[in-house]
Amino acid sequence: MEAVNLLSSNRYTEKQIGYLFISVLVNSNSELIRLINNAIKNDLASRNPTFMGLALHCIANVGSREMAEAFAGEIPKILVAGDTMDSVKQSAALCLLRLYRTSPDLVPMGDWTSRVVHLLNDQHLGVVTAATSLITTLAQKNPEEFKTSVSLAVSRLSRIVTSASTDLQDYTYYFVPAPWLSVKLLRLLQCYPPPEDPAVRGRLTECLETILNKAQEPPKSKKVQHSNAKNAVLFEAISLIIHHDSEPNLLVRACNQLGQFLQHRETNLRYLALESMCTLASSEFSHEAVKTHIETVINALKTERDVSVRQRAVDLLYAMCDRSNAQQIVAEMLNYLETADYSIREEIVLKVAILAEKYAVDYTWYVDTILNLIRIAGDYVSEEVWYRVIQIVINRDDVQGYAAKTVFEALQAPACHENLVKVGGYILGEFGNLIAGDPRSSPLIQFNLLHSKFHLCSVPTRALLLSTYIKFVNLFPEIKTTIQDVLRSDSQLKNADVELQQRAVEYLRLSTIASTDILATVLEEMPPFPERESSILAKLKKKKGPGTVTDLEEIKKERSSDINGSAEPASVNASAVSTPSPSADLLGLGAAPLTNSAPPPTSSGSLLVDVFSDSASAVAPLAPGSDDNFARFVCKNNGVLFENQLLQIGLKSEFRQNLGRMFIFYGNKTSTQFLNFTPTVICSDDLQSSLNLQTKPVDPTVDGGAQVQQVVNIECVSDFMEAPILNIQFRYGGTFQNLSVKLPITLNKFFQPTEMSSQDFFQRWKQLSNPKQEVQNIFKAKHPMDAEITKAKIIGFGSALLEEVDPNPANFVGAGIIHTKTTQIGCLLRLEPNLQAQMYRLTLRTSKEAVSQRLCELLSEQF
């Protein structure tokens with residue numbers, strides 16, 4: 001109330017403190033909001049420029065819907081009034097911009113819109129700068145209403161570009177006249193196509209040529225501020241040239257200018273040059289000019305230290321690729337893949353697969369490339385990639401024999417990736433007969449080769465191999481008996497996995513009772529797949545999101561026909577059964593609506609920037625119920641971590657050895673934007689020494705009903721007990737939201753199971769002699785321990801447990817796997833060798849979990 005009273009003071013300092021207090025600490029639900037609004041109205045009506053400025057700053061800093069409802073109709077009148085001072089016009093333009101961004105439906109469009117456009121002709125460049133920011137945002141949503149701004153923007157830009165630094169002395173920054181206004185004007189022009197008026201178009205072309213010419217001039221200062229301002233204007237001009245895509249001369253000149261930056265010592269310039277050249281590569285006018293820099297880009301890929309710049313180099317190689325250089329680019333990307341950061345390997349794999357398919361003239365090269373891809377980065381080859389390989393091989397008769405021969409040779413390597421086994425199983429099952437005439441690849445040798453990989457594979461791959469085996473029964477009747485013996489074995493007919501058991505039973509029955517004709521009909525070769533858009537390309541688009549370089553595939557003019565047929569968009573058969581990719585829409589909220597890729601223009605009116613941001617707010621306590629959800633993720637990697645009426649947080653994780661990757665999906669469940677959306681992963685000091693976490697930033701604005709994704713790369717350095725905290729802060733409807741949840745990164749995620757025989761276990765156990773390889777856990781016993789009594793008890797419950805499982809000890813001979821917990825108990829208690837052996841033999845004929853649980857129960861009862 002004291003602050004509200006200060007608003008009615010006629011002293012500037014008192015009024016300023018009142019407004020400052022309200023801007024920072026009063027929210028839109030306050031009971032005093034009506035009094036505050038009345039005070040603001042009085043100051044806006046006072047025509048005192050100082051008081052009007054304070055009131056406008058307060059409206060912009062609070063920016064709530066209630067403020068927009070109260071003042072959205074008043075501020076445009078102040079902005080276009082003839083007697084309003086320049087400083088107040090600046091504040092009014094930026095205040096209206098703030099209200100439009102938070103509540104666009106409340107800002108009226110009317111007569112004032114055309115008058116705002118004429119502010120581009122204002123004598124005061126501060127007013128022009130603020131008005132340009134406002135007009136750019138309005139033009140993105142209502143381009144027709146602000147179309148007249150194009151000619152005025154070109155005229156103002158021409159005056160700035162052709163002026164000397166002394167002409168705009170107050171707005172010259174390190175010898176560059178009005179650089180930030182130039183950038184804003186160029187960004188405004190990117191909201192529209194090239195001007196239709198020849199005079200305006202010619203004047204704009206002259207401006208752009210002048211900017212490119214000035215970039216070639218020697219620098220007027222060695223300070224970094226001069227080059228930053230100069231390059232800011234240059235890159236925005238190049239963006240406009242690319243956007244218009246209509247002047248061949250300008251496009252080629254822009255490409256040559258960017259080519260000079262590719263070897264610049266400044267990392268940011270190299271990054272921006274690569275990013276802009278990716279877009280230039282899609283233009284028919286500049287594609288050839290971009291290709292001339294291929295050696296420089298390949299060299300950047302090999303020598304660049306910054307991973308983000310290397311990723312842009314990969315993007316550029318992908319964009320500049322065509323039939324003339326496809327084999328060179330694919331070979332270089334494969335070479336780089338062997339040492340690439342694992343965070344971008346999946347994307348490189350997708351791009352190599354797309355290029356190999358799209359520009360393959362000789363499909364034997366395509367098969368070799370994909371098999372090489374699986375060999376180098378098999379863990380990052382998604383379902384879509386090997387599905388697509390199989391589709392293409394099935395659809396092309398001329399490559400089937402070569403594919404069968406190549407994959408047969410690749411499978412002979414001692415260590416094959418599971419994806420190679422999948423491809424080999426499918427192709428040999430369909431076309432193994434094409435190479436069966438060679439004694440080195442006879443039917444029996446093919447079968448034995450595939451079956452030697454069987455026990456190393458996961459359940460889905462084993463299921464695929466069983467289908468291959470029944471295909472072999474049809475293709476090679478001479479090995480039918482051998483295959484039936486495998487299908488008839490206990491490990492298949494009594495398999496714990498219902499899918500494998502069902503396949504074994506049905507395939508065995510089919511091979512036994514079906515006639516040759518029926519087998520040939522049921523197991524005939526797969527028919528060709530209908531030609532459609534590559535599922536790999538669809539996955540890459542989905543992974544990268546809208547408005548990125550991969551969308552150039554749609555706008556790129558094809559310079560040669562596609563060998564694989566039409567690119568008719570349709571769902572891909574294989575994708576229906578593929579596992580969801582890590583970037584899939586986990587929450588089912590759908591993709592975010594397409595927005596303009598240009599970032600919102602920053603304002604030169606720094607007084608209206610919310611310097612009291614929420615980023616410094618304290619971390620909120622854990623959200624209610626988050627511990628329960630955290631516990632569910634100890635044994636699973638995917639699902640919904642947190643949900644309330646505003647926000648849903650989903651996870652999809654993958655872990656391999658000491659590395660992991662987590663995809664966090666933030667879904668806005670409301671129809672209102674989240675602003676200043678800032679998720680932060682927080683680790684304690686102890687946890688930071690055990691876990692290395694790298695988080696990628698997310699868009700600070702989340703539209704209503706939309707979803708954004710954040711990637712967290714994880715490296716486990718040492719064991720840990722705590723879990724990181726995910727703190728999320730954002731503004732919803734003017735109200736600050738702050739919540740925290742535990743991020744389910746636990747030590748067990750980095751465990752890997754091991755199976756071994758008792759002999760191997762003892763041999764390995766004796767080798768663990770280093771101090772760090774042995775861990776003891778001392779606990780307090782409930783009762784005094786007597787050695788003889790303890791031995792008798794353990795022998796007693798060990799024998800009882802044997803009888804519970806199977807009264808005939810002979811059934812336990814030949815056990816092949818030792819349950820680790822049982823072994824540790826035996827070694828810890830120093831049991832006699834015959835009792836240990838009895839417990840080891842016990843473990844394998846029963847469920848490991850059941851034995852472990854029963855042993856723990858018996859131990860707890862005894863001790």
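User: In which helix does Val 330 lie?
Analyst: This is a predicted model, in which local features need pLDDT of at least 70, side-chain atom pairs count only at pLDDT 80 or more, and totals for chains, interfaces and linings use all residues. Residues are numbered from 1 along each chain as its sequence is written, and side-chain values use heavy atoms, with hydrogens and water left out. Helices (DSSP runs of H or I, at least four residues) and strands (DSSP runs of E, at least two) are numbered from the N terminus. Val 330 belongs to the run of residues 326–337, which is helix 19.

User: Is Val 330 buried or exposed?
Analyst: The classes rest on relative accessible area: buried is under 20%, exposed is over 50% and partly exposed lies in between (1.4 Å probe, protein chains only). Val 330 has a relative accessible area of 1%. It therefore counts as buried.

User: Which residues does Val 330 touch, not counting those up to four places away in sequence?
Analyst: Contact here means heavy atoms within 4.5 Å. Val 330 and Leu 317, 13 residues apart in sequence, have their C-alpha atoms 8.9 Å apart. The residues that Val 330 touches are Val 352, Leu 355, Ala 356, Trp 365 and Thr 369.

User: What is the phi of Phe 175?
Analyst: Phe 175 lies in the loop between strand 1 and strand 2, and at a relative accessible area of 43% it is partly exposed. Most residues other than glycine have a negative phi. Phe 175 is not a glycine, yet its phi is positive, at about 70 degrees.

User: How far does the backbone oxygen of Ala 178 lie from a polar atom of the side chain of Ser 182?
Analyst: Ala 178 is found in the loop between strand 2 and helix 11, is buried at 4% and, although not a glycine, has a positive phi of about 40 degrees. Ser 182 has its place in helix 11 and is buried at 3%. The backbone oxygen of Ala 178 and the polar side-chain atom of Ser 182 are separated by 2.9 Å.

User: How many residues of helix 11 are buried?
Analyst: Helix 11 covers residues 179–189 and is mostly covered. The elements that cover its buried residues include helix 9 (125–141), helix 10 (149–161), strand 1 (172–173), strand 2 (176–177), helix 12 and helix 13. Among its buried residues are Lys 184 and Arg 187. Of the 11 residues in helix 11, the number buried is 10.

User: Which helix supplies the largest share of the lining of the largest cavity?
Analyst: A cavity is a set of points on a 1 Å grid over the protein atoms alone where a 1.4 Å probe fits but cannot get out, and lining residues have an atom within 4 Å of a point. The largest cavity holds about 100 Å³ of space and is lined by 13 residues, with Thr 205, Leu 208, His 244, Ser 246 and Glu 247 nearest its centre. Helix 12 (198–216) and helix 13 (224–244) each supply at least two lining residues. The largest share, 4 residues, is from helix 12.

User: Which side chain makes a polar contact with the side chain of Lys 471?
Analyst: Lys 471 lies in helix 26 (residues 459–475) and is buried, with a relative accessible area of 15%. Leaving aside neighbours within four places in sequence, its contacts are Gly 429, Glu 430, Leu 523, Glu 524, Glu 525 and Met 526. A polar contact is a pair of N or O atoms within 3.5 Å, one able to donate a hydrogen and the other to accept it; residues adjacent in sequence count only if both atoms are side-chain atoms. At 2.9 Å, the partner of the Lys 471 side chain is Glu 430.

User: What is the length of the polar contact that joins the side chains of Ser 458 and Glu 418?
Analyst: Ser 458 lies in the loop between helix 25 and helix 26 and counts as partly exposed at 31% relative accessibility. Ser 458 and Glu 418 are 40 residues apart along the chain, and their C-alpha atoms are separated by 8.1 Å. The polar contact between their side chains is 2.3 Å.

User: Within what arc do the buried residues of helix 27 fall?
Analyst: In helix 27 (residues 480–488), the buried residues are Ile 483, Gln 484, Val 486 and Leu 487. They line one face of the helix because, seen down its axis, they fall within an arc (taken from the directions from the helix axis to the C-beta atoms) of 160 degrees.

Conventions: 1 Å grid on protein atoms, 1.4 Å probe; cavity = no way out; pocket = protein on both sides within 12 Å on 5 of 7 lines; lining within 4 Å. Points joined across faces, edges and corners; volume = space filled by probe spheres on them.
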